[in-house]
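Colleague: Hey, could you walk me through this one? I'm new to reading models.

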Amino acid sequence: GATFASFIAMELGMVPTKPRAARDGGKQHYRKLYLAGQRVGLTMGFARLIRTISFLLTVLPNQNSRCYRERFPNPPPTDWIEWITVGLKPMAHGGCNDLIMSGHACVTTTMAALSTSVAGHPFFSLAVWGLLSLDYAVEVYEGFHYSVDMWLGGLVTAMLWRILAPLEEEEEDDDHDEGEDYEFSFAKATQRDWILHILSALGAYLTVVFVPEKLAMGVLAVYFVLTAFVIATQGANQFGRFLLLLMLFISFCIFL
């Protein structure tokens with residue numbers, strides 16, 4: 001739910017940035033959704049690369065003694081081809097020794113950084129990072145990670161987010177039509193808009209809550225086809241962008 005809300009806040013928050021507008025003589029600057037998405041993707045990509053190198057260099061025993069028996073064949077395969085096949089099988093919920101640093105921390109820190117940068121409000125930022133710290137404490141308490149895993153995951157990802165800030169300073173908005181309305185207004189939504197948005201959002205929510213993981217992958221593929229059709233026929237309109245956000249919501253809830 002929190003991840004979904006962060007995506008909606010991101011979409012509704014792509015509006016003029018007031019501090020920059022005041023600093024630049026009143027000229028409005030708009031954050032572009034594709035640049036913010038590019039920054040998010042590269043932040044998580046580099047974080048996952050650093051994470052992979054880290055747990056390959058330092059292998060720690062999992063705190064859960066039943067981890068291997070619950071996630072991998074027991075006894076372990078003796079044939080090397082079967083052993084490699086098991087190792088290459090995608091594990092949506094992680095393995096047993098991929099601890100330093102936490103992949104959970106990488107993803108949630110990136111989402112928190114994005115949400116707080118869009119909101120730009122100190123109390124909202126304090127609430128988000130406070131809840132995230134509580135989430136990290138729960139991960140440690142329940143034995144999913146060591147404390148250093150969460151600390152490094154959050155710290156390294158936040159630093160990567162700051163390092164990649166120039167990606168959003170690509171170009172000035174000289175080509176922006178001043179008459180174009182970048183804010184989504186619920187007052188302008190038709191009955192058809194409400195029905196499409198509510199049904200698609202409800203479908204995504206029910207998929208995450210009730211549909212098994214293997215079937216949820218099929219639902220995600222359906223959303224992908226629907227999104228591609230909408231964007232191909234109608235352009236990147238509000239509903240098309242909304243479907244993209246729902247795809248991200250389903251993906252993160254399945255794989256996080």
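This is a predicted model: local features need pLDDT of at least 70, side-chain atom pairs count only at pLDDT 80 or more; totals for chains, interfaces and linings use all residues.

Colleague: Which residues touch the most other members of the largest nonpolar core?

Modeller: That core has 14 residues, and A204, Y223, F239, F242, L243, L246 and I250 touch the most other members. Helix 9 (191-210), helix 10 (213-234) and helix 11 (238-255) each supply at least two residues of this core. Helix 11 gives the most, with eight residues. A nonpolar core here is a set of buried Ala, Val, Leu, Ile, Met, Phe, Trp, Tyr and Cys residues joined through side-chain atoms within 4.5 Å.

Colleague: What does I250 contact there?

Modeller: Leaving aside neighbours within four places in sequence, I250 is in contact with A204, T207, V208, L220 and Y223. Contact means heavy atoms within 4.5 Å. Apart from that core lies another, of ten residues, among them V107, L114, V118 and W161.

Colleague: W161, noted. What does T43 touch?

Modeller: Not counting residues up to four places away in sequence, T43 touches T110, T157, L160, W161 and L164. T43 sits in helix 3.

Colleague: Is T43 buried or exposed, and why?

Modeller: T43 counts as buried because its relative accessibility is 0%. Its side chain also reaches the backbone oxygen of R39 at 2.7 Å.

Colleague: New topic: how many salt bridges does a search of the whole structure find?

Modeller: Two. A salt bridge is a side-chain nitrogen of Lys or Arg within 4 Å of a carboxyl oxygen of Asp or Glu. R51 pairs with D98, with the closest N and O atoms 2.8 Å apart. That pair links distant parts of the chain, 47 residues apart: R51 is in helix 3, while D98 is in the loop between helix 5 (80-88) and helix 6 (103-119).

Colleague: Are R51 and D98 buried or exposed?

Modeller: R51 is buried, with a relative accessible area of 8%, and D98 is buried too, at 14%.

Colleague: Which residues make the other bridge?

Modeller: E70 and R66, whose side chains meet at 3.3 Å, N to O. E70 counts as exposed because its relative accessibility is 52%, whereas R66, at 45%, counts as partly exposed.

Colleague: Last one: which residues make the nonpolar surface patch?

Modeller: L42, F46, L49, I53 and L57 make a patch of about 490 Å². Patches are made of residues with over 30% relative accessible area and no salt bridge, with like charges joined within 9 Å and nonpolar side chains (Val, Leu, Ile, Met, Phe, Trp, Tyr) within 5 Å. Accessible areas come from the Shrake-Rupley method with a 1.4 Å probe, and for residues only the protein chains shown count as cover.

Colleague: Where is I53?

Modeller: I53 is in helix 3 (residues 33-57), and I53 counts as partly exposed because its relative accessibility is 45%.

Technical notes. Residues are numbered from 1 along each chain as its sequence is written. Side-chain values use heavy atoms; hydrogens and water are left out. Helices (H or I, at least four residues) and strands (E, at least two) are DSSP runs, numbered from the N terminus. Buried means under 20% relative accessible area, exposed over 50%, partly exposed in between (1.4 Å probe, protein chains only). A polar contact is a pair of N or O atoms within 3.5 Å; within protein, one must be able to donate a hydrogen and the other to accept it, and residues adjacent in sequence count only if both atoms are side-chain atoms.
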